[in-house]
Amino acid sequence: QVQLVESGGGSVQAGGSLRLSCAASGFTRSMYCLGWFRQAPGKEREGVATIHTIGGRTVYADSVKGRFTISQDNVRNTVYLQMNSLRPEDTAMYYCASGPWSIGGYCDRDKNRYNYWGQGTQVTVSS
């Protein structure tokens, strides 16, 4: 079992920044992949960014490339999502997830490859 707890969400104006954190505990040796996902009302949950916990390789959705950065602190078992230049369309519930499956050292943004999820943290960006 892996437990994931997100924090750092909030309300910000367009152009602003937020940093999300996700603290992991439990059987963390199974976490080869960590990812941030988001879900806006009425929309599918989408993968925003992922990181391979061993190799550190990252994958980003096109919509956030150059604005968001995923990183990890292996000592604290924490993954971060630095979000800059936020836009109203970034408004969503953001979830942290972990999973054991990777392909060629990269972690897919497919939510079905992740088996542990946090409770989510809300991000609201106003124009």
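Does cysteine 107 count as buried or exposed?

Reply: Cysteine 107 counts as buried, because its relative accessibility is 1%, where buried means under 20% relative accessible area, exposed over 50% and partly exposed in between, with a 1.4 Å probe and protein chains only. This is a predicted model, in which local features need pLDDT of at least 70 and side-chain atom pairs count only at pLDDT 80 or more, while totals for chains, interfaces and linings use all residues. Residues are numbered from 1 along each chain as its sequence is written, and side-chain values use heavy atoms, with hydrogens and water left out.

The partner of cysteine 107 is cysteine 33, to which a disulfide joins it with an S to S distance of 2.0 Å; a disulfide here is a pair of cysteine sulfur atoms within 2.5 Å. Because cysteine 33 lies in strand β4 and cysteine 107 in the loop between β9 and β10, the pair ties together parts that are 74 residues apart in sequence. Strands are DSSP runs of E with at least two residues, numbered from the N terminus. The torsion about the S-S bond of cysteine 33 and cysteine 107 is about -85°, so this disulfide is left-handed. Cysteine 33, at 1% relative accessibility, also counts as buried.

A search of the whole structure finds two disulfides. Cysteine 22 and cysteine 96 form a disulfide as well, with their sulfur atoms 2.1 Å apart, and this pair links distant parts of the chain, with cysteine 22 in strand β3 and cysteine 96 in strand β9, 74 residues apart. The S-S torsion of cysteine 22 and cysteine 96 is about -80°, so that disulfide is left-handed. Cysteine 22 counts as buried at 1% relative accessibility, and cysteine 96 is buried with a relative accessible area of 0%. When the bonded cysteines of the protein chain are numbered in sequence order, the pairing reads 1-3, 2-4.

A search of the whole structure finds two aromatic pairs, and phenylalanine 37 and tyrosine 114 form one that is edge-to-face, 5.0 Å centre to centre with 70° between the planes. Phenylalanine 37 lies in strand β4 (residues 33-39) and tyrosine 114 in the loop between β9 (92-99) and β10 (116-117), so the pair ties together parts that are 77 residues apart in sequence. Rings of Phe, Tyr and Trp (its six-membered ring) pair if their centres lie within 6.5 Å, and planes under 30 degrees apart count as stacked, over 60 as edge-to-face and the rest as tilted. Phenylalanine 37 and tyrosine 114 are both buried, and ring pairs link Phe37, Tyr114 and Trp117 into a cluster.

Strand β3, which carries cysteine 22, leads on to a sheet. Four strands form an open sheet in the order β1-β3-β8-β7, with antiparallel pairing, and its edge strands are β1 (2-7) and β7 (68-73), each of which pairs on one side only. Two strands pair if DSSP finds at least two bridges between them. Between β1 and β3 (residues 18-26) the antiparallel pairing runs over six bridges, and glutamate 6 stands opposite cysteine 22 in β3.
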